Amino acid sequence: MEQAVERVFTKEILKNAASQFGITVEAKPVGEFENYLFKGKLADGTDRILRLTHSSHRSKEEIEAELKFLKYARENGANAAGSLTSLNGNLVEVQNASDGTSFFASMFEWADGQLVDRTNPAVWNDDLMYTWGKTIGKLHALTVDYPVTNREHWDEEAYLNEMVADEELGVYTKELIEEIQSYERKKDSYGLIHSDLHLHNFFVNDKGEITVFDFDDLQYNYFISDIAIVLYYTAWGSKASFEEKSSFAKRQLEIFRKGYETEYILDEVWYSRIPAFLKCRDITLYHVLNMKYDEKTPRVIELCEELKDRIVNRKTIVEI
């Protein structure tokens with residue numbers, strides 16, 4: 001979390017927000033990268049997640065748009081941890097900070113299961129890939145006719161646009177943005193997507209069922225971007241060679257598509273465009289790592305160098 005946000009976040013803000021949603025929360029957050037996340041409980045012991053978002057990150061209207069879509073998706077069969085209302089019946093409650101900024105509080109169902117253990121073949125297998133694909137396919141099917149709402153388009157994203165001004169990498173960023181902007185925007189391939197559905201944004205239970213969470217990055221984007229993210233982050237965490245990662249990604253995509261296409265069919269041309277979206281994630285992640293860490297660890301420095309090398313050489317994390 002940025003230092004300016006940390007300075008104005010207080011125990012009183014947390015306490016007041018929790019009381020508005022009728023829960024008691026643990027003092028230590030379970031997440032604090034772009035939002036503060038706290039595990040809490042209702043009076044009957046039911047687990048919940050309380051999220052506090054600073055006004056520098058999202059507006060109240062943007063958050064309400066996210067939560068309304070999530071509520072719609074959940075009510076129409078998506079495997080997602082749904083958004084819940086406060087005791088006053090609001091999806092978002094406002095807490096004012098000492099510097100005139102605000103924190104927006106929202107509450108979610110607690111997802112069933114746990115994070116994927118990639119070392120466990122009973123979990124990390126073709127069945128998971130199939131279910132992952134089916135889960136994203138369902139979300140895409142639901143977004144096709146969803147009304148226009150107050151969420152940004154991918155090319156309005158601050159991270160990406162700030163990279164255009166980067167002295168070294170701006171030219172590559174501009175080139176890539178222009179390429180992706182040339183793709184047609186039709187409702188059967190472009191709409192509201194999760195845009196960050198990697199391994200740390202869903203739980204899987206003992207039955208192999210997936211529950212998705214963290215729709216904070218919900219945006220208008222090409223559906224294929226969601227699929228590229230899956231391939232990107234399973235390669236990102238691997239220590240295998242480029243050839244091994246590429247071979248796995250091709251196999252992963254094959255199984256993923258079988259699940260995806262039980263819910264939604266995307267025109268074949270989009271799969272040939274996956275490399276552009278892999279490159280786009282490299283650029284976004286490079287900016288995030290440089291912005292979030294004032295004092296970079298050797299590992300962060302190494303990651304930034306890897307990203308930069310791929311960007312300037314127009315390469316992708318895997319070959320599809």
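Mentor: Buried means under 20% relative accessible area, exposed means over 50%, and partly exposed lies in between, with a 1.4 Å probe and protein chains only. The model discussed here is predicted: local features need pLDDT of at least 70, side-chain atom pairs count only at pLDDT 80 or more, and totals for chains, interfaces and linings use all residues. Residues are numbered from 1 along each chain as its sequence is written, and side-chain values use heavy atoms, with hydrogens and water left out.

Trainee: Does Phe256 count as buried or exposed?

Mentor: Phe256 has its place in helix 8 (residues 242–260); helices (H or I, at least four residues) and strands (E, at least two) are DSSP runs numbered from the N terminus. The relative accessibility of Phe256 is 1%, so the residue counts as buried.

Trainee: Which residues does Phe256 touch, not counting those up to four places away in sequence?

Mentor: A contact requires heavy atoms within 4.5 Å. With residues up to four places away in sequence not counted, Phe256 touches Met129, Trp132, Gly133, Ile136, Ile227 and Val230.

Trainee: What share of the contacts in the chain between residues at least 6 apart in sequence joins residues at least 24 apart?

Mentor: One case of sequence separation is Phe256 with Leu128: they are 128 residues apart in sequence and 8.6 Å apart in space, C-alpha to C-alpha. For the chain, the share of such contacts that join residues at least 24 apart is 74%.

Trainee: What is the radius of gyration of the chain?

Mentor: The secondary structure comes to ten helices and ten strands. For 320 residues the globule rule gives 20 Å, and the chain is close to that, so it is as compact as a globular protein of that length. That rule is 2.2 Å times the number of residues to the power 0.38, with the radius taken over C-alpha atoms. The radius of gyration of the chain is 20 Å.

Trainee: Which geometry does the pair of Phe203 and Phe213 have?

Mentor: Rings of Phe, Tyr and Trp (its six-membered ring) pair if their centres lie within 6.5 Å; planes under 30 degrees apart are stacked, over 60 edge-to-face and the rest tilted. The whole structure holds 23 aromatic pairs. For Phe203 and Phe213, the centres are 5.0 Å apart and the planes stand at 80 degrees, so the pair is edge-to-face.

Trainee: Where is Phe213, the partner of Phe203?

Mentor: Phe203 and Phe213 are both buried. Phe203 is in strand 8 (residues 202–204), ten residues from its partner. Phe213 is in the loop between strand 9 (210–212) and strand 10 (219–222).
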